[in-house]
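Biologist: I would like a close look at a single part of this protein. Please keep it brisk.

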Amino acid sequence: MKLSNESLKKLVRGACYFEEIKGYLYLHHYSAEQIEHFKNRDEFWYTRSVLASGIKIEFKTDAEKISFDYYAENVYSDDNTVDIYVDDVAHLVHRISKSGKTHLECALPSGNKKVSVYFPTDAMIGVKNFTIDGKYKSMKDRKMKLLAIGDSITQGYGAVMSGASYINALYRKTEYDIMAQGI
């Protein structure tokens with residue numbers, strides 16, 4: 001089943017602003033107002049404010065395959081991956097080394113499972129044509145909220161894998177719904 005961007009938004013964690021450009025859904029960890037503020041102040045901060053660090057798509061499913069197209073823009077470092085975790089264990093690590101369009105497919109183990117797709121720390125990314133070949137449902141909202149404000153560690157820089165960043169590891173180990181606003 002191919003998900004619409006509206007359906008996909010319901011599975012996203014860690015984003016506070018969505019932007020649709022040429023059919024791609026861009027996920028941001030800063031609001032439109034915050035991004036505009038950075039844009040008018042400092043180019044370095046602005047470019048980091050539109051990245052997808054700390055953002056994930058998460059759902060329960062019986063599917064045996066997921067796939068999606070993505071467009072990576074402004075790839076700033078070699079520490080960029082799209083990671084797919086199954087039941088909180090890394091299942092696929094896909095390295096992003098340059099800007100451009102890519103189609104990503106991932107075979108999943110059989111049976112019911114939780115799937116988490118972690119987005120890159122140091123790249124702007126848009127997603128479209130997200131397909132799940134089975135039944136799925138969104139995860140329950142977490143009651144406790146945490147706003148993580150900080151520097152490059154909070155952003156996730158240097159983690160080598162997006163899913164292994166400080167914020168994403170904290171998310172898996174706690175009951176907090178985390179909004180990571182690090183630059």
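Biologist: In which strand does Lys56 lie? Please take me through its surroundings.

Modeller: This is a predicted model, where local features need pLDDT of at least 70, side-chain atom pairs count only at pLDDT 80 or more, and totals for chains, interfaces and linings use all residues. Residues are numbered from 1 along each chain as its sequence is written, and side-chain values use heavy atoms, with hydrogens and water left out.

Lys56 lies in strand S4, which spans 56–61. Strands (E, at least two residues) are DSSP runs numbered from the N terminus. Lys56 counts as buried, at 1% relative accessibility. Buried means under 20% relative accessible area, with a 1.4 Å probe and protein chains only.

The side chain of Lys56 reaches the backbone oxygen of Gly54 at 2.8 Å. Beyond four places in sequence, Lys56 is in contact (heavy atoms within 4.5 Å) with Leu11, Val12, Arg13, Val117, Tyr118, Phe119, Asn168 and Tyr171. Asn168 is 112 residues away along the chain, yet its C-alpha atom is 8.6 Å from that of Lys56.

Now take Phe119. Not counting residues up to four places away, Phe119 touches Lys56 and Ile57, and also Leu27, Ile125 and Val127, among others. The largest nonpolar core has 32 residues. Such a core is a set of buried Ala, Val, Leu, Ile, Met, Phe, Trp, Tyr and Cys residues joined through side-chain atoms within 4.5 Å. Ile57, Ile66, Val117, Phe119 and Phe130 touch the most other members. Strand S4 is one of the strands that each supply at least two residues of this core.

Conventions:
Buried < 20%, exposed > 50% of the residue type's maximum accessible area, 1.4 Å probe, protein only. Helix = DSSP H or I, 4+ residues; strand = E, 2+ residues; numbered from the N terminus. Polar contact = N/O pair within 3.5 Å; in protein donor to acceptor, adjacent residues only side chain to side chain.
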